[in-house]
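Please keep the sequence and the model in view while reading the points below.

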Amino acid sequence: LVRREVSLKALDGGEPQPIGGSRFKSIWTLANGLPQEAAKELSKEIRDSGLKAKAQVQGEQLRVQGKKRDDLQAVITMLRELDFRLPLQFNNFRE
């Protein structure tokens, strides 16, 4: 996963279960998309930051809109500094 640059925050689960002798097994799942609760939490952080940007939840994504490129860059910087419990990806940045 590290070689493919997958964030370890995307892993979920992993409770070790004994399977016999001194061996253990754990099942891990990869997070896909952004859960509703996490998206609402992030949009609240954006609203509380005072930046001139609007955030809306679209399925498993959070869409952020703003008039100025600087506002969008400020939102990205703020979210990166937040160190959220899930890995965040930023795409379709306005040119």
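A nonpolar core is a set of buried Ala, Val, Leu, Ile, Met, Phe, Trp, Tyr and Cys residues joined through side-chain atoms within 4.5 Å. The model discussed here is predicted. Its largest nonpolar core has 11 residues.

**The nonpolar core**

- The 11 residues of the largest core are Leu34, Ala38, Ala39, Leu42, Ile46, Ala53, Val75, Met78, Leu79, Phe84 and Leu86.
- At least two residues of this core come from each of H1 and helix H2 (69-82).
- H1 provides the largest share of the core, namely 4 residues.
- Apart from neighbours within four places in sequence, Val75 is in contact with Ile46, Leu51, Ala53 and Val64.

**Ser43 in helix H1**

- Helix H1 covers residues 36-49, and Ser43 belongs to this helix.
- Is Ser43 buried or exposed? Ser43 counts as buried because its relative accessibility is 7%, and buried means under 20%.
- A polar atom of the Ser43 side chain lies 2.9 Å from the backbone oxygen of Lys40.
- When neighbours within four places in sequence are set aside, Ser43 is in contact with Ala55 and Leu62.

- Strand S5 (residues 54-58) pairs with strand S6 (residues 61-65) in the antiparallel sense, over 5 bridges.
- Which residue in S6 is the bridge partner of Gln56? The partner is Arg63.
- S5 and S6 form a hairpin, with 2 residues between the strands.
- Gly59, in the turn, has a positive phi of about 65°.

How values were computed
Residues numbered from 1 in each chain as written. Predicted model: local features only at pLDDT ≥ 70, side-chain atom pairs only at ≥ 80, totals over all residues. Heavy atoms only, no water. Buried < 20%, exposed > 50% of the residue type's maximum accessible area, 1.4 Å probe, protein only. Polar contact = N/O pair within 3.5 Å; in protein donor to acceptor, adjacent residues only side chain to side chain. Contact = heavy atoms within 4.5 Å. Pairing = 2+ DSSP bridges.
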